[in-house]
Amino acid sequence: DKHYTQEEIDDLVAKSPYYKATSNDVDWLMKGKMQGRIQKWVDHSISVTINLPNDERVHALKGTRRLQLRNSMKAKFDKILMPIGQLIVTPEQQKYLNFDAFFWNVTFHEVAHGLGVKQTINTNESVDAVMGTEKTSWEEAKADILGLFMVTKLIEMGEITNITAEDAIATYIAGILRSVRFGAASSHGKANMMCFNYMEKA
């Protein structure tokens, strides 16, 4: 195995056609194809969505946009979530792990980012500004739980018909253990630790 020096890594990165590019410069279709191919070798988060920022100023001016990369989601489910689920979910509940549940959970996680209180009640300040460095972890935790709530409610209402509430919940639990791999330095990792610890104690 070759171990690269930082200088060698910097040289390799500089050769990329996307060196110093912003997300607006990257072809979104190629991004999705690339993610689907490399996901099984990566141990940190790779987005399966392309969205406007989780910033209340952007939402107020432009609204929200949610785009799901189904091929990347399928690769992530098949190569990471399902193997983790087969290790940690009891055998009799593994039948509830399925890709459609993962798809709906992620979809409504993203929808949930556009919902919620944006200003403090007493001082009319930005919630993001008041929460400071804790904002992103709480935002991800909110999106997880509210997203799961919306999925189970839509199943109950007969609007989502290709999965059951058990599918959504079991797949969500396996998804938590997929995401805690990112560690406490990641807002997704920290949010999933918070959700798991709360449910374990409840």
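The model is predicted, so local features need pLDDT of at least 70 and side-chain atom pairs count only at pLDDT 80 or more, while totals for chains, interfaces and linings use all residues. Residues are numbered from 1 along each chain as its sequence is written, and side-chain values use heavy atoms, with hydrogens and water left out.

**Overall layout**

- You'll find nine helices and two strands here; these are DSSP runs numbered from the N terminus, with helices being H or I of at least four residues and strands being E of at least two.
- Going along the sequence, the order is α-α-β-α-β-α-α-α-α-α-α.
- Of the 202 residues in the protein, 37% are buried (buried is under 20% relative accessible area, exposed is over 50%, and partly exposed is in between, using a 1.4 Å probe and protein chains only).
- Among contacts (heavy atoms within 4.5 Å) with a separation of 6 or more, 61% link residues 24 or more positions apart.
- The protein's accessible surface is about 12,700 Å², and carbon and sulfur atoms account for 58% of that (Shrake-Rupley method with a 1.4 Å probe; for residues, only the protein chains shown count as cover).

**The nonpolar cores**

- A nonpolar core is a set of buried Ala, Val, Leu, Ile, Met, Phe, Trp, Tyr and Cys residues joined through side-chain atoms within 4.5 Å.
- The largest one has 17 residues, and those touching the most other members are Phe108, Val151, Ile155, Ile160, Ile163 and Ala168.
- Helices α5 (99-113), α7 (135-156), α8 (165-179) and α9 (187-201) each put in at least two residues, with α7 giving the largest share of this core at seven.
- Setting aside residues up to four places away in sequence, Ile163 touches Asn98, Asp100, Ala101, Trp104, Val151, Ile155 and Ala168.
- There's also a second, separate core of twelve residues, including Met73, Phe99, Phe102 and Ala170.

- Asp144 sits in helix α7 and is buried, with a relative accessible area of 13%.
- Beyond its neighbours within four places in sequence, Asp144 is in contact with His109, Tyr172, Asn192 and Cys195.

- Ile9 lies in helix α1 (residues 6-14) and counts as partly exposed because its relative accessibility is 34%.
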